[in-house]
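Trainee: I am new to this structure and would like to go through it with you. Could we put it on the screen before we start?

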Amino acid sequence: MPRVSPALLYRACYGKYAIAAVNVFCMEQILGLFEAAHRARAPFIVAITPYARDYASPVMFEHMIRAAAAQYPDAIFATHLDHGNDAHCVDAIASGWYTSVMIDASHDAFEQNVARTAKVVELAHQKDLVVEAELGVLSGVEDDLVVAAGDASYTNPDQCADFVTQTGCDSLAIAVGTSHGAYKFSGDQGLQFHILEAIQQRLPGFPLVLHGGSNVDVDEVDRINNAGGTLKAGAKGVAPDEIRRAIPYGICKVNVATDTRILWTRVHREYFRDQPENIDLVVPGKMYIEAYADLIEQKFALFGARDKAPELQQMLLASR
């Protein structure tokens with residue numbers, strides 16, 4: 001099955017389920033992601049950040065994903081540049097490999113965000129790519145980007161319609177109470193559903209994106225720390241019931257990264273703690289692929305995306 005546009009996925013899922021956009025950084029994660037989608041018969045988005053592209057090179061990622069797609073020909077997926085700047089977006093659009101890009105100008109003033117986003121939209125739409133933009137600023141750590149809690153801001157619902165109209169973007173990442181990285185919000189505020197509802201009222205039917213969608217399982221954090229880690233106690237992410245509750249408000253895409261990193265850390269710390277004489281990378285690698293596939297399969301179920309791939313296959317066939 002060929003790569004698809006997120007626009008197709010959003011049309012199918014709006015208000016009913018959400019698509020997992022999973023950040024990948026290595027072969028093990030790519031194989032685990034495709035395996036999970038195969039088991040769950042779920043559509044998904046492979047998300048690649050500039051940080052990941054710098055690590056393994058864009059060409060390496062493209063070929064690893066192509067290889068996984070050949071191994072899992074029933075996969076329905078999109079390829080997405082996550083958190084790109086202007087230059088990253090231009091490069092990804094020119095590559096012909098991505099089906100969508102995200103321009104993250106959320107740290108700029110509104111007018112500058114509009115201007116930068118509109119330029120990327122114009123270029124991307126010439127190549128039939130869709131563009132995700134961001135309005136509002138999430139706190140936390142996203143690869144090499146750090147945003148202090150005091151510098152974060154919720155998305156202003158009153159700006160959303162003007163922003164979408166002026167930029168022509170195809171989906172909008174919003175700040176409604178999530179954060180990036182392993183050090184999630186420590187209070188009990190959770191998602192701000194009154195803001196989410198107000199945004200949907202101003203953008204009815206428009207795909208919204210939830211960044212920082214990991215849960216941060218406290219048991220996984222405890223296991224890491226028991227194996228020598230020093231992760232901050234009390235870190236928390238988005239509760240599963242809040243994810244479910246957010247989907248009818250137009251959340252079509254939920255980004256997942258931190259939970260997969262926590263899992264990688266736990267698997268490898270425990271393995272080498274229990275077998276300190278071992279220098280094998282294949283055995284813990286296989287363990288991680290299996291545990292990763294289990295985790296992502298759980299995400300598909302949480303987002304309501306299980307068994308949705310066959311419906312999309314029929315949509316694709318009907319559109320030909």
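This is a predicted model: local features need pLDDT of at least 70, side-chain atom pairs count only at pLDDT 80 or more; totals for chains, interfaces and linings use all residues.

Mentor: A word on terms comes before the details: helices (H or I, at least four residues) and strands (E, at least two) are DSSP runs, numbered from the N terminus. Residues are numbered from 1 along each chain as its sequence is written.

Trainee: Where is S106 placed?

Mentor: S106 sits in the loop between β4 (100–103) and α6 (110–126).

Trainee: Is S106 buried or exposed?

Mentor: S106 is buried, because its relative accessible area is 7% and buried means under 20% (exposed is over 50%, partly exposed in between, with a 1.4 Å probe and protein chains only).

Trainee: Which side chain does S106 join in a polar contact?

Mentor: The side chain of S106 has a polar contact of 2.6 Å with that of D104. Such a contact is a pair of N or O atoms within 3.5 Å; within protein, one must be able to donate a hydrogen and the other to accept it, and residues adjacent in sequence count only if both atoms are side-chain atoms.

Trainee: And what else does S106 touch?

Mentor: Leaving out residues up to four places away in sequence, S106 touches N113, E134, G136 and V137. Contact here means heavy atoms within 4.5 Å.

Trainee: Where does N113 lie?

Mentor: N113 is part of helix α6, and N113 counts as buried because its relative accessibility is 1%. Beyond four places in sequence, N113 touches A105, S106, D108, E134, L135 and F163. N113 and F163 are 50 residues apart in sequence, with 8.7 Å from C-alpha to C-alpha.

Trainee: Changing topic, which residues of α8 are buried?

Mentor: In helix α8 (residues 193–202), they are F193, I195, L196, A198, I199 and Q200. Their cover includes α7 (157–167), β8 (171–174), β10 (208–210), α10 (240–246) and β11 (251–256).

Trainee: How many cavities of 30 Å³ or more are there?

Mentor: The count is two. On a 1 Å grid over the protein atoms alone, a cavity is a set of points where a 1.4 Å probe fits but cannot get out, and a pocket is an open set with protein on both sides within 12 Å along at least five of seven lines; lining residues have an atom within 4 Å of a point. Grid points are joined across faces, edges and corners, and a volume is the space filled by probe spheres set on the points.

Trainee: What lines the second largest cavity?

Mentor: The lining consists of P6, Y10, H80, S100, V130, V131, E132 and S171. Two or more of these residues come from each of α1 (6–13) and β5 (130–135), and β5 gives the largest share, three residues. The second largest cavity holds about 30 Å³ of space.

Trainee: What about the second largest pocket?

Mentor: The second largest pocket holds about 340 Å³. Among its 15 lining residues, D217, D259, L295, Q298 and K299 are the closest to its centre. α12 (282–302) supplies the largest share of that lining, six residues.

Trainee: How confident is the predictor?

Mentor: pLDDT is its confidence in each residue, from 0 to 100. The chain has a mean pLDDT of 90, with 91% of residues at 70 or more. Over residues 139–151, pLDDT stays under 50.

Definitions and conventions. Side-chain values use heavy atoms; hydrogens and water are left out.
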